[in-house]
Amino acid sequence: MANPIHRTPENVPGRFYVDDTCIDCDHCRSTAPEFFRRDDAGGYSVVYRQPATPEEIASAEQALTECPTDSIGNDGVAAENPESVPRG
């Protein structure tokens, strides 16, 4: 399970995030490329856009459930309230 304390700073604010246990396997980027991309400097995936519609959330959730290292988290915090997003 992803740890919000280890959320990487390159993630955009919101409910979905990638933590520092990501091994850069590319699975989330191939499953939901509209939300996940590679951070070249860090060598791992990050969330660059939060899903908004039920269909988009389902796509991000699929990436989360299929992540081989459980590095994707969903803390349930909506993007409209970024100040309550945990930071490490």
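Me: Ala, Val, Leu, Ile, Met, Phe, Trp, Tyr, Cys and Pro count as nonpolar, Asp, Glu, Lys and Arg as charged, and the others, Gly among them, as polar. How do the residues of the lining of the largest cavity divide?

Reply: Eight are nonpolar, three are polar and two are charged. Keep in mind that this is a predicted model, where local features need pLDDT of at least 70, side-chain atom pairs count only at pLDDT 80 or more, and totals for chains, interfaces and linings use all residues. Residues are numbered from 1 along each chain as its sequence is written, and side-chain values use heavy atoms, with hydrogens and water left out.

Me: What makes a space a cavity?

Reply: On a 1 Å grid over the protein atoms alone, it is a set of points where a 1.4 Å probe fits but cannot get out. By this rule there is one cavity of 30 Å³ or more. Its volume is about 90 Å³.

Me: Which residues that line the largest cavity are the closest to its centre?

Reply: Cys22, Cys25, Cys28, Cys67 and Pro68, out of 13 in the lining. A lining residue has an atom within 4 Å of a point.

Me: Why is alanine 60 called buried?

Reply: Buried means under 20% relative accessible area, exposed over 50%, partly exposed in between (1.4 Å probe, protein chains only). Alanine 60 has 0%, so the label is buried. Across the protein chain, buried residues make up 40% of the 88 residues.

Me: With which residues is alanine 60 in contact, leaving aside its neighbours within four places in sequence?

Reply: Phe16, Phe35, Phe36 and Pro51. Contact means heavy atoms within 4.5 Å. Phenylalanine 35 is 25 residues away along the chain, yet its C-alpha atom and that of alanine 60 are separated by 7.2 Å.

Me: Where is alanine 60 found?

Reply: In helix α2. Helices (H or I, at least four residues) and strands (E, at least two) are DSSP runs, numbered from the N terminus. The protein chain has two helices and four strands, in the order β-α-β-β-α-β.

Me: Why is glutamine 62 called partly exposed?

Reply: Glutamine 62 also sits in helix α2. Its relative accessibility is 38%, so it falls in the in-between class. Its C-alpha atom is 8.5 Å from that of cysteine 28, 34 residues apart along the chain.

Me: What makes a nonpolar core?

Reply: Buried Ala, Val, Leu, Ile, Met, Phe, Trp, Tyr and Cys residues, joined through side-chain atoms within 4.5 Å. The largest one has 15 residues, and Phe16, Val18, Phe36, Ala63 and Ile72 touch the most other members. At least two residues each come from β1 (16-18), β3 (44-47) and α2 (54-66).

Me: Which residues does valine 18 touch, not counting those up to four places away in sequence?

Reply: Among them are His6, Phe36, Val46 and Ile72.

Me: How exposed is aspartate 26?

Reply: Partly, because its relative accessible area is 35%.

Conventions: 1 Å grid on protein atoms, 1.4 Å probe; cavity = no way out; pocket = protein on both sides within 12 Å on 5 of 7 lines; lining within 4 Å. Points joined across faces, edges and corners; volume = space filled by probe spheres on them.
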